[in-house]
Amino acid sequence: MMERLDASIRRQLLLDDRDIVGKPFPLEGNTARFVQANTRHLTLLLLDTDIKNRASRAAAFAANLMDASIAHHLKETIACARGCPYCCTTYVSTSLPEVFRMARAVRGNAPTTERVNTAAARTKAMPQLQREVTRVICPILDNNACSQYDVRPMVCRVVMSTSLESCVRIFTQSANEPFAAPKSLDALRSYLMIILRTALVLAGLPHKHYELAHALEIALADPDSEERWLAGEPIFEPVAVDRLDLTDSPISNLVNVLVGAVRPTI
Ligand code: SF4
Ligand code: SF4
């Protein structure tokens, strides 16, 4: 394992990071420098025990970075609009900081909490493969729109389509056709999905993803859930891990490379 860099080098890196952190990623040039700076920023935030809601704050930072980068690079006209709910019926895979951020927004809202508990009861009884092909309306959907649009998970932010007709076929008729994702975001997507995950690994926190409804039910059950989780309590033990996190994948390989690059700088 590479040794921690000298303190003066680490201090200089943090100073240099200030011009990069939170800015849209370039897709040419020194992309790695941007990825590492933002990952370092997130890791240090997650390690700051003075901040009680640091997991929610980390999720907010990663989501804002994703939105800024998508807005900067998106070239195609997309079909997505408020009131288009077809994609909000599938398995939603979230990190736990995103679950806590959502729980903070939903807590105290009795109708939404009831919908979360009802959806969780239904989905946790299903094996994931079955859930992925069974249309269950997301409990956050209200009047055909995301009721928590500002705090929706990153996977919901990155799902965009250039064809409504294709979405209707996929989500209502189970058509076996490729999702019409905008090509201009292809290179960006994996960078944006690994930053928070890598920061969680570096901060020594669980980084695997879970199904939204069941994880949210648990987070909502206790106002102190985020603090308990940050303190190491395995409160999500009853929730099944996303099957994609159970084996090595291109994402986990990218995370390992980024962990190796950033760890000496923390
Ligand atoms: S991804 Fe498809 S279903 Fe979802 S909002 Fe966009 S067009 Fe509508
Ligand atoms: S969180 Fe919002 S955007 Fe995501 S699936 Fe649920 S309703 Fe749709």
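## Overall size and make-up

For a chain of 266 residues, a compact globule would have a radius of gyration near 18 Å, and the chain agrees with that at 19 Å. Here the radius of gyration is taken over C-alpha atoms, and the globule rule is 2.2 Å times the number of residues to the power 0.38. Along the principal axes, the C-alpha atoms of the chain fill a box of roughly 55 × 40 × 30 Å. This is a predicted model, in which local features need pLDDT of at least 70 and side-chain atom pairs count only at pLDDT 80 or more, while totals for chains, interfaces and linings use all residues. Residues are numbered from 1 along each chain as its sequence is written, and chains are lettered from A and ligands numbered from 1 in the order in which they are written.

The chain holds 12 helices and 4 strands; helices (H or I, at least four residues) and strands (E, at least two) are DSSP runs, numbered from the N terminus. Of the 266 residues, 35% count as buried. For that label, 20 or more other C-beta atoms must lie within 10 Å of a residue's own; 12 or fewer make it exposed, anything in between partly exposed, and C-beta atoms are placed from the backbone. Among contacts between residues at least 6 apart in sequence, 78% join residues at least 24 apart, a contact being two residues whose C-beta atoms, placed from the backbone, lie within 7 Å.

In soluble globular proteins, nonpolar side chains tend to be buried together. In this chain, the largest nonpolar core has 59 residues, and those with the most contacts inside it are Ala58, Ala62, Ile195, Ala199, Ala215 and Leu216. Helix H9 gives the largest share of this core, 11 residues. Such a core is a set of buried Ala, Val, Leu, Ile, Met, Phe, Trp, Tyr and Cys residues joined through C-beta atoms within 7 Å.

Leaving out residues up to four places away in sequence, Ile195 touches Val35, Asn38, Thr39, Leu42 and Ala62. Ala62 is also a contact of Met154, together with Ala63, Met66, Glu98 and Met193, leaving aside neighbours within four places in sequence. Met154 and Ala62 are 92 residues apart in sequence, yet their C-alpha atoms are 8.1 Å apart in space. Met154 is found in helix H7 (residues 154-158) and counts as buried because 22 other C-beta atoms lie within 10 Å.

Let's start with helix H2 (residues 31-46). At 1.5 Å a residue, its 16 residues should span 22 Å, and its end C-alpha atoms are 23 Å apart, which agrees; the expected span is 1.5 Å times one less than the number of residues. Buried residues in H2 include Phe34, Val35, Asn38, Arg40, His41 and Leu46. Their cover includes helix H1 (7-17), helix H3 (54-73), helix H9 (186-202) and helix H12 (250-262).

In helix H10 (residues 212-220), 9 of its 9 residues are buried, among them His214 and Glu217. What covers them includes strand E1 (93-94), helix H4 (96-106), helix H5 (110-123), strand E4 (210-211) and helix H11 (225-230). Over in helix H3 we find Arg57, which is partly exposed because 18 other C-beta atoms lie within 10 Å. Arg57 touches Leu45 and Ile51, not counting residues up to four places away in sequence.

## Two ligand surroundings

To be near a molecule, a residue must have its C-beta atom, placed from the backbone, within 6 Å of it.

Around ligand 2 are Cys88, Val92, Cys138, Ile140, Leu141, Cys146, Arg152, Pro153 and Cys156. By class, the shell of ligand 2 has 8 nonpolar, no polar and 1 charged residues.

## The loop between E2 and E3

Asn143 lies in the loop between strand E2 (141-142) and strand E3 (145-146), and Asn144 has its place in the loop between E2 and E3 too. Phi of Asn143 is positive, near 50°, and that of Asn144 is positive at about 65°. Asn143 is exposed, with 8 other C-beta atoms within 10 Å, and Asn144 is exposed with 12.

Terms used: Ala, Val, Leu, Ile, Met, Phe, Trp, Tyr, Cys and Pro count as nonpolar, Asp, Glu, Lys and Arg as charged, and the others, Gly among them, as polar.
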